[in-house]
Amino acid sequence: MSQSIKMKIAIAGRQYPLTVAAHEEALVRTAGKQINDMIKKYDEEYDVKDKQDALAMLALQSFTAQLSQNKEIAAEDTNLNEQLQSLVRMLQST
């Protein structure tokens, strides 16, 4: 079983206490840094006055990218399944 650790991460100027698996600590810290970097980018590019607006923009961008990626993966899965079925039919016919 994985060992859990307690950590604090700062996002948009606020501290959040978390308990994470020890092997995920670096990943969580990297995610926090990337979130803060994107918030800073939104602040600079769009003159965002409220951190909540920057977080909303980040959430929208992140989920849009995730949904797009999921759609691409599903299309690839469908294509691979069709190719696999074709190969199975070829093998069964011989």
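Helices (H or I, at least four residues) and strands (E, at least two) are runs assigned by DSSP and numbered from the N terminus. The model is predicted, so local features need pLDDT of at least 70 and side-chain atom pairs count only at pLDDT 80 or more, while totals for chains, interfaces and linings use all residues. Residues are numbered from 1 along each chain as its sequence is written, and side-chain values use heavy atoms, with hydrogens and water left out.

**Figure 1. The protein chain as a whole has two helices and two strands.** Along the sequence, these elements follow the pattern β-β-α-α. The radius of gyration, taken over C-alpha atoms, is 21 Å, well over the 12 Å that the globule rule gives for 94 residues, so the protein chain is more spread out than a compact globule. That rule is 2.2 Å times the number of residues to the power 0.38. Along the principal axes, the C-alpha atoms fill a box of roughly 65 × 40 × 15 Å.

**Figure 2. Alanine 12 is located in the loop between strand E1 (4–11) and strand E2 (14–21).** The phi angle of alanine 12 is near 55°, a positive value in a residue other than glycine. Most residues other than glycine have a negative phi. Alanine 12 counts as buried because its relative accessibility is 16%.

**Figure 3. Glutamine 15 is part of strand E2.** With a relative accessible area of 52%, glutamine 15 is exposed. Contact means heavy atoms within 4.5 Å. When neighbours within four places in sequence are left aside, glutamine 15 is in contact with Lys8, Ile9 and Ala10.

**Figure 4. Tyrosine 42 and tyrosine 46 form an aromatic pair.** A pair of aromatic rings is described by the distance of the centres and the angle of the planes. Rings of Phe, Tyr and Trp (its six-membered ring) pair if their centres lie within 6.5 Å; planes under 30 degrees apart count as stacked, over 60 as edge-to-face and the rest as tilted. By this rule the count comes to one aromatic pair. Tyrosine 42 and tyrosine 46 are tilted, at 5.9 Å centre to centre and 35° between the planes. Because these two tyrosines are four residues apart in helix H1 (residues 25–46), about one helical turn separates them.

Figure 5. Tyrosine 42 counts as buried because its relative accessibility is 6%. Not counting residues up to four places away in sequence, tyrosine 42 touches Asp47, Val48, Ala54, Met57, Leu58 and Gln61. The C-alpha atoms of tyrosine 42 and leucine 55 are separated by 9.1 Å, and these residues are 13 residues apart along the chain.

**Figure 6. Aspartate 47 lies in the loop between H1 and helix H2 (51–93).** Although aspartate 47 is not a glycine, its phi is positive, at about 50°. Aspartate 47 is also among the residues that tyrosine 42 touches.

Notes:
Buried < 20%, exposed > 50% of the residue type's maximum accessible area, 1.4 Å probe, protein only.
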